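Dear colleague,

I am passing on the structure we spoke about, together with some notes on what came out of going through it. Please have it open beside you as you read.

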Amino acid sequence: MTVDSDVLESARAHYLVAALEGRSETAATVLDMVLLKGIPTADVVSEVLAPVQAEIGSLWQDGTISIAEEHVASAITSACLHLPRLTEAPRPDRGRVLMVSAEGGWHTLPAQMVALTWRVLGWDTRLISPSVPAADLGEEASRESGVVAGVSCSSAAHLTGAWRTVSALRAAGMQVIVGGRLFDGSSELAERIGADAYAADPVEGSVWLQDAQRSGKVPREPRLREDWEHLEMVWQALPRVVEDSLRLAPHLAELALPAEQTREQLWLMARTCVGATLVDDPGLLSDHMRWCRQVLAGQGADEGFADVLVATIDRVLPEGSARVRSLLAAAV
Ligand code: B12
């Protein structure tokens, strides 16, 4: 183990405890100490803040910490991203870049982390996060002088939103790089939705930006347009699908969740079904179901309820949902 990896490991452990206990000053001090040891902002973000936030997500997922603890810790991380020592940046002389969250995505922290890293690497970065409707974003993007944009997405439930966001940026002539938890799981997904590149971390992304900004602004058609023509009707029917499923689901499960949580899970599941069908990847829905089972178990509910939710959605899908149905069958 090198000195740096020792420092980073100890920082992660101390930062996690401070954030979970709501001690913002201690959390900031931990980061200041790491920066004082000469570790650059980009590494503090990718080696301390991002893994700690992912750990917080896992602790929530398995029921170890509450939603309240997650919110407190994430608010501390959000505030820490503005610490003066962390945000010290050179004059931006590498070019203009737009960094956005996928449509429907309220995870601002990943986009904030990328924007901060790009700023300290010398990019003139404009951050638009959380979710902005794709059409509005397209208008903003067409007024941008820059050619390159980044999109972050954390969940398969927002894959359709990510595709719409990437499509709007393509139509505005931008070159697009994507990243975030959703894309980390599948190397082909980025290309499938029309992005020009994927990077696991912002430093790697910055190398791509340098090359990509050499091309001019060239408006392009969205990928998967024909597939969407078949799916849009199902997407628009989702509010009804969720409410109809909610009426059926409790009677099918021995141990159901409170209605609000069931509705939330149905929404995530239904959106994931459409997104997975759009890119024709049943694995996305299978992964989501595994995640759902773990969340249910963490909440003390019967994890088999995940399968009940999918079966219920299947029953109430509108006519013309053949592709979604066959994806459901392949995923389950
Ligand atoms: C904090 C948090 C929230 C906060 C967000 C606060 C905020 N201001 O961002 C709140 C409470 C709002 C929230 C809401 C929800 N959340 Co949430 N959330 C998280 C959590 C714990 C951390 C997010 C974070 O800080 N990410 C920062 C880092 C960890 O993100 P990252 O994607 O790894 O980013 C790094 C790299 O990937 C890369 N990168 C990222 N983007 C890009 C883009 C480019 C171009 C490049 C080059 C690189 C790059 O750089 C980053 C820095 O290194 C995650 C856990 C996780 N693993 O992400 C869950 C998580 C994403 N949420 C989850 C869920 C389910 C939800 C909700 C549906 C919960 C609910 N029932 O309401 C809602 C959805 C809201 C919505 N519509 O988007 C699940 C998603 C699982 C799934 N199967 O869909 C997760 C994974 C938690 C879990 N383990 O179960 N959440």
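In this predicted model, the residues of strand β3 are divided between two directions, with V148, G150 and S152 pointing one way and A149 and V151 the other, and all of them are buried. In general, the side chains of a regular strand alternate between the two faces of the sheet. Since five of the five residues of β3 are buried, the strand is largely enclosed by the rest of the structure.

The neighbours of β3 come next. Strand β1 runs parallel to β3 and is joined to it by five bridges, and within this pairing G150 of β3 is the bridge partner of M99. β3 also pairs with β4, again in the parallel sense and over five bridges, with G179 in β4 as the bridge partner of S152.

These strands belong to an open sheet of five strands, which has the order β2-β1-β3-β4-β5 and parallel pairing. The edges are taken by β2 (124-128) and β5 (197-198), each of which has a single partner strand, so that one side of each is left without a neighbour in the sheet. For β2 the pairing is with strand β1 (residues 96-101), in the parallel sense and over five bridges, and there M99 stands opposite L127 in β2. Helix α11 (residues 202-212) packs on the sheet and touches β1, β3 (148-152), β4 (175-179) and β5, while its direction makes about 170° with that of β4.

Another helix that I looked at is α4 (residues 67-80), whose 14 residues should span 20 Å at 1.5 Å a residue, which agrees with the 20 Å that separates its end C-alpha atoms. Which residues of α4 are buried? They are A73, I76, T77 and C80. Because these residues cover an arc of only 100° around the axis, they lie on the same side of α4, whereas I67, A68 and A79, on the other side of the helix, are exposed.

As for the protein as a whole, it has 16 helices and five strands. Its radius of gyration is 21 Å, close to the 20 Å that the globule rule gives for 332 residues, so the protein is as compact as a globular protein of that length. The C-alpha trace spans about 60 × 50 × 30 Å along the principal axes, and 44% of the 332 residues count as buried. Among contacts between residues at least 6 apart in sequence, 73% join residues at least 24 apart.

With best wishes

Definitions and conventions: Residues numbered from 1 in each chain as written. Predicted model: local features only at pLDDT ≥ 70, side-chain atom pairs only at ≥ 80, totals over all residues. Helix = DSSP H or I, 4+ residues; strand = E, 2+ residues; numbered from the N terminus. Expected span 1.5 Å × (residues − 1). Buried ≥ 20, exposed ≤ 12 C-beta atoms within 10 Å, placed from the backbone. Arc of directions from axis to C-beta. Rg over C-alpha atoms; globule rule 2.2 N^0.38 Å. Contact = placed C-beta atoms within 7 Å. Pairing = 2+ DSSP bridges. Axes fitted to C-alpha atoms, helices over the stretch in contact; angles between N-to-C directions.
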